[in-house]
Amino acid sequence: MTSGPNRNSNPPAQLPSPPAVATNPFPFAGLSPAQVAAARAAHGGNTLEGRAQGGFWKALRGVVIEPMFLLLVAAASIYFALGELNEAFFMLGAIVLISAISLYQEGRSRRALEALQQFTRPQARAIRSNEVVELPSDEIVQGDLVVVQEGELVPADGQVIHANDFSVVESILTGEAFPVPKEVSEEKPGRVYRGTQAVGGLAVVRVTAVGAATEIGRIGRSLATIEEGGSPLERQIQRFVRHMAFVGAAFFLIVWGLNYLHSRDWLDSLLKGLTLAMSILPEEIPVAFTTFMALGAWRMMRASVLVKQARTVETLGAATVICTDKTGTITENRMELVALQLRADPQRADQGVPLSPAEWNTPAAQQLITTAMWASEPVPFDPMETALHQAYDRGTTHDQRPAYRMVHEYPLGGKPPMMTHVFANDAGERIIAAKGAPEAILACSDLSTAERADVLQQVETLAAQGYRLLAVAQASWQGEAWPAEQQQFPFHYLGLVAFHDPPKANMAEVFQRFTEAGIRSVIITGDNPVTATAIARQVHFPISGAPVNGDDLQAMDEAQLAATVQRHNLFTRMFPEAKLRVVKALKAQGEVVAMTGDGVNDGPALKAAHIGIAMGRRGSELAKEAAALVLLDDDLGRLVEAVAQGRRIYGNLKKAIRYIISIHIPIILTVSLPLLLGWRFPNIFTPVHVIFLELLMGPTCSIAYESEPAEPGIMRCRPRRLELTFLSWTELRTSVAQGLAITVGTLGCYQLAVHQGHGEAMTRTLVFVALVVANIALTLVNRSFEHSVLSTLRYHNPLLRGILALTVGVLLALLYVPLFRDFFQLASPAAGPLALATTIGLASVLWYEGVKAWGRG
């Protein structure tokens, strides 16, 4: 009903880069700079061996084995064999140019991904020269003393030399996903291993192995050879290109055979078959996909959204549900101790009235603060515990902490949770302090039924103001045999401490923008329903249904759960298993789920969601490891921008691939139909013409379209269906219709030229002009499948304008510069035929503007 010490959802703020220095609260000095250098020289760094990336040479190898490269080499070889040296050298030039474009695109993608990897370098904290320094974990050396706390990954193998309620999950090594306590003990030394997850407490670890010498490093040598599978869309693109390659091979054999039957010249026939094969192979599609995903991730990184895997970009625009934590996501995670509610005492005049900070100078108030401080970790890392230590520091004139040591502790546990610490001094005096969720403390304290009802009413009143609450109690105990469970202590209830975590200023706008984008928002928090409801109302969150409690949710069967997650969007008192169940239930209903979180208890849900999103500053290393995205500045508003970017990137990729398919169809049919139908000029295009068209298409699809801005209203559309890709027939039929219309135009231009008595060169010229003009018009028309070409001309995209201007200039050079004209076997048309071919090319594409106008209604 109220907020307990939700340490999992409130990790400490990370120190910013560059590495920061903090005061050392531990009794260890750590290594000196000279010792660090000596250790690195003797044992190496803490870098694991990864899969070799290959860089330029791997990219070059990929280009060389591409089918298009092999076709170009074959065509060049045939030209040399036929003695047509000009064409042969042109093909060699085309090989160099196309390879250079491919390498340029691969280089841009590789550099973008390398920049992302730099941002994903995990951080660690080490004690050096008596200071706590934050640094990249790969700079840790053997002998370092590293500080590891809840929510972080252990950076290296080592020995625990100091621990506060410290436990880790070693599933990465053992496969067993339960916490393993690690203590400082001579009988059973607490050893920890790199990559394991700290899920409770804090420890100082002396590093005993780094890099490849760690346990995970040994395993990593075999893991480095395992290739990751592609995304569904990536695999679909690969299948499509592979199928087209088979189609190209079949048509190649048909065209080769028919030409050989007519000419009995096997080399010339082979060349014409290669021409058709080049026109069929859509090798631009996988290049465009890789480029769009990598550069999209890089653009998001510049907007403070780190995409850990570029393939996540394709999913972002399809998100239908955003599940968000409250603390640190909706709120600032800036815990301030703002009020105390003391236990009722007839001798005091403040009965039932919360005390503001100005009223904390009474003995009863100081006792409440002091006991809450003793119930916190001695080296606090939770924001609420830090606030309690600070309040104790401000109110005390005699710090008792140095005189006491912890002799026994009961870690945070139970539902709802509580924790208990036992301290003693040299005189044998003891302090037994507990804090936790009010329900937990009330259940084991000395209050009467009426008093408990009064406290619960106080809890309701404070929680309704958005405060997070902890109850505090103390106990006495004789003897050394401690109770098996903390609830067995005879606790004396002292009161409530109230913390204020203000909501972020932009949250109302963020939720409004999600709603406008057709994305449903869900709050999943460990907080109590009253506090969560109060914060939700403060940010104008559209609450649907009553808050659902985690325990109630776990008791539901699958049918009840499915109905609940449809009708309700505020889930409170949630624990890891319950969060995970909500995410899985939403996914089972076909929702594309994005889940935000920053703590250890968010890890399973982040991993299960389609898009796990961690906080970059306050997020635990465990959350960031499980997530697919990291909001570097902890601003949920960045997620709105990321969704918009995801929709822009996917939309532009769809435009590029539709363009590729549409323009390939007329090239294929213009090359093949005159031959198959026995027309007057059966071989209207040669490999030279096809390669020229390929050179036009490559930059257009993978450079110009990638730079397209988002279309107006992109965030007022409903999310696309994840299973519906642009390679389905529903999407492809537009491309096929556009391609066939262009084919009708080019072949109609062919027949018109023949009918007017033009020779082969002029016929080829008019068909070539019509096709190039159609390519330019298609590029412009396909910038939007909703808005008119007149409106898209106002889009700011200098790259696209430059490519189209260059295309027009090169086309005119091919028509009217004799050297180029003769090489391409073209003619210089007069104004009339040129205008006619241009008109046909434009008309074969601009008809789609009518379709768009009809769709706009």
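Axes here are lines fitted to C-alpha atoms, for helices over the stretch in contact, and angles run from 0 to 180 degrees between N-to-C directions. The model you see above is a predicted one.

I'll start with a helix pair. α22 and α25, the latter covering residues 760-781, pack with their axes 10 Å apart and at an angle of about 170°. Anything over 145 degrees counts as roughly antiparallel, and α22 and α25 are therefore roughly antiparallel to each other.

Which residues in α22 meet α25? On the α22 side they are Y659, S662, I663, P666, I667 and T670. Their partners in α25 are V767, L771, N775, L778 and T779. By type, the residues of this contact are seven nonpolar and four polar, with no charged ones.

Next, the aromatics. Searching the whole structure gives 15 aromatic pairs. Take F681 and Y750: their ring centres are 6.5 Å apart and the planes are at 65°, so this pair is edge-to-face. It links distant parts of the chain, 69 residues apart. F681 is in the loop between α22 (637-676) and α23 (687-704), while Y750 belongs to helix α24, residues 729-755. Are these two residues buried or exposed? Both F681 and Y750 are buried.

There is also one aromatic cluster formed by F685, F692, F768, F823 and F824.

Last, charges over rings. R658 has its charged end over the ring of F785, 4.2 Å from the ring centre. For R720, the charged end sits over the ring of Y650, and the distance to the centre is 3.5 Å.

Technical notes: Residues are numbered from 1 along each chain as its sequence is written. This is a predicted model: local features need pLDDT of at least 70, side-chain atom pairs count only at pLDDT 80 or more; totals for chains, interfaces and linings use all residues. Side-chain values use heavy atoms; hydrogens and water are left out. Rings of Phe, Tyr and Trp (its six-membered ring) pair if their centres lie within 6.5 Å; planes under 30 degrees apart count as stacked, over 60 as edge-to-face and the rest as tilted. Helices (H or I, at least four residues) and strands (E, at least two) are DSSP runs, numbered from the N terminus. Buried means under 20% relative accessible area, exposed over 50%, partly exposed in between (1.4 Å probe, protein chains only). A charge sits over a ring if NZ of Lys or CZ of Arg is within 6 Å of the ring centre and within 35 degrees of the ring normal. Angles under 35 degrees count as roughly parallel, over 145 as roughly antiparallel, 65 to 115 as roughly perpendicular and the rest as oblique. Contact means heavy atoms within 4.5 Å. Ala, Val, Leu, Ile, Met, Phe, Trp, Tyr, Cys and Pro count as nonpolar, Asp, Glu, Lys and Arg as charged, and the others, Gly among them, as polar.
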